[in-house]
Amino acid sequence: MREELFPPDTPFRMAVPIEVRFRDLDAMGHVNNAVYFTYFEHARLHYLRRLAEVPPPLEPLGMIVAEATCQYRAPITLGMPLRVWIRVGEIRQRSFVFLYRIERCDNGQVMALGRSVQVAYDYARGVSVPIPEPWRERFRAFEEGQLELALSSPSRSDGGKDDHRGCP
């Protein structure tokens, strides 16, 4: 039996659309396993950009990905309408965890689950640093529903199967 990366009822408030491109496919016509991490990265960048745009502007946060994992549930093929749900699942002293769920927009089928650990990093000094308090506050406010962002939608008890936000 497979260990779950996070509980299946984990709420997500932001979804980002993904267009499967021909270049994403492997020789078997499925999205290559490494491309799933690119989809996670796309969602991660969208999430961080949207969070940074909300006044007041946040100081830049250098970060590095320290760990990334993906559980593949079903093959993704060309033309499949997808979205990546993303949330901050945990905030630590110098790192935070993003959780991801890739699903089909047309039927809500979960295609993959993911998790990544980002470390706050000072590139000039080459060391990890504490996560700035404004970022902690912004993550908490958004994830607790006190801050709204574009393409965000509260998770629904039915899994959001009729929720077409974040779909191409």
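Visitor: Before we start, what does "buried" mean here?
Guide: Buried means under 20% relative accessible area, exposed means over 50%, and partly exposed lies in between (1.4 Å probe, protein chains only). The model is predicted: local features need pLDDT of at least 70, side-chain atom pairs count only at pLDDT 80 or more, and totals for chains, interfaces and linings use all residues. Residues are numbered from 1 along each chain as its sequence is written, and side-chain values use heavy atoms, with hydrogens and water left out.

Visitor: Is Arg115 buried or exposed?
Guide: Arg115 counts as buried, because its relative accessibility is 18%.

Visitor: Which residue forms a salt bridge with Arg115?
Guide: Glu67 does, with the closest N and O atoms 2.8 Å apart; a salt bridge is a side-chain nitrogen of Lys or Arg within 4 Å of a carboxyl oxygen of Asp or Glu. Arg115 lies in strand 5 and Glu67 in strand 2, so the pair ties together parts that are 48 residues apart in sequence. Strands (E, at least two residues) and helices (H or I, at least four) are DSSP runs, numbered from the N terminus.

Visitor: How many salt bridges are there in the whole structure?
Guide: A search finds 12. One of them joins Glu143 and Arg87, at 3.6 Å between the closest N and O atoms. Glu143 lies in helix 2 and Arg87 in strand 3, so this pair ties together parts 56 residues apart in sequence. Glu143 is buried at 13% relative accessible area, and Arg87 is buried at 12%.

Visitor: New topic: how many helices and strands does the chain have?
Guide: The chain has 2 helices and 6 strands, in the order β-α-β-β-β-β-β-α along the sequence.
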